[in-house]
Amino acid sequence: MRSIQFIFLLGIVVFNHQACGGTTDRKKITEINSIEGMVVDTTKEKTFSLNPVDTSIQYIMGKFEPSEDSNFIEVDIYYADRPGMFIRKDVYSAFVKMDSAAREDGIVFQIRSAARNFEYQKGIWERKWTGKTTIENGEKLNETTPDPVQRALKILKYSSMPGSSRHHWGTDIDLNSFSNSWFESGEGKRLYDWLEENGPEYGFRQPYTAKGAERPDGYNEERWHWSFYPVADILTEVASRHLKDSMIDGFKGAETATKIGVVKRYVLGINPQLLTE
Ligand SMILES: [Zn+2]
């Protein structure tokens, strides 16, 4: 099992306790800079330099504007399928390095989605909830699925509830195609195999691996979704301690979060290698 050493974990815990003490301000973890803002992955003997990581619940739940956050940067169109996407700066520089190595091997990444805040995710969720957007099999959920829990579970096959998405964190990106089958042959398979082999070197791993005994809960497999684990692991750890189903609110169907157990089953229902022991 992988072991990660968080040099500044103590700072995070201390600050997060304060954040949970009733204040609604976002708390910047400036201690990270003073302890050099590094994460050491002891199994890989790798060190990653990080920008300050905000571990407040507001940040974890995507209740901020990435375009106005100094730790975020817009993804250049060279790497993306459209302008206007934002990502954490430390994640972006790791991605740019990885992209340049991949291009030497004939692999070309295209970012299809990066940071999405609560409001953006709410739009995705409610369009599916109301049937404005059909889900992957063409179903309009307002017509086929009146039961709220069942309706939410159908959306949760591939989409997060607002407030519970890793895309809120600026650490996660969707690459090239939203179809698992694209990654099973030809160009897609070459790209996926390259990422599996080389992604971790740059800090990228797949959180939504195949479902099975190892990963019984959570979203279906997403071969396109890659996570910058040096930051995302910290935020996963904080979420496991402080994010509660009852906090997930403010959109159609939010009352199902507690019945489903969204934090345990979905936020923590990831590739077990990305969960710290
Ligand atoms: Zn994704």
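Here are some questions and answers on a predicted protein model.

Me: How many helices and strands does the protein have?
Reply: It has 11 helices and nine strands.

Me: How do you know that the span of α5 agrees with that of a helix?
Reply: Helix α5 covers residues 118–130, which is 13 residues. At 1.5 Å a residue, α5 should span 18 Å. Its end C-alpha atoms are 18 Å apart, so the two agree.

Me: Which residues of α5 are called buried?
Reply: They are Gln121, Lys122, Trp125, Lys128 and Trp129. To be called buried, a residue needs 20 or more other C-beta atoms within 10 Å of its own. These five residues of α5 are buried by that test.

Me: Why are those residues said to be on the same side of α5?
Reply: They cover an arc of only 135° around the axis, and this puts them on the same side. An α-helix has 3.6 residues a turn, so residues three or four places apart point the same way.

Me: What do the buried residues of α5 pack against?
Reply: They pack against α6 (141–144) and α7 (148–155). Just after α5, Gly131 takes a positive phi of about 85°.

Me: What makes the largest nonpolar core, and which residues have the most contacts inside it?
Reply: A core is a set of buried nonpolar residues joined through C-beta atoms within 7 Å. The largest one has 59 residues. Ile60, Ile87, Ala114, Val231 and Leu235 have the most contacts inside it. Helix α9 (residues 229–242) gives the most to this core, with seven residues. Ala114 touches Val75, Met85, Phe86, Ile87 and Ile173, leaving out residues up to four places away in sequence.

Me: Why are β6 and β8 called edge strands?
Reply: Four strands form an open sheet in the order β6-β7-β9-β8, with antiparallel pairing. β6 (111–113) and β8 (204–205) each have a single partner strand, so one side of each is left without a neighbour in the sheet.

Me: How do you know that β7 and β9 pair?
Reply: Pairing needs at least two bridges. Three bridges join β7 (residues 172–175) to β9 (residues 225–228). Asp174 stands opposite His225 in β9.

Key
Residues numbered from 1 in each chain as written. Predicted model: local features only at pLDDT ≥ 70, side-chain atom pairs only at ≥ 80, totals over all residues. Helix = DSSP H or I, 4+ residues; strand = E, 2+ residues; numbered from the N terminus. Expected span 1.5 Å × (residues − 1). Buried ≥ 20, exposed ≤ 12 C-beta atoms within 10 Å, placed from the backbone. Arc of directions from axis to C-beta. Contact = placed C-beta atoms within 7 Å.
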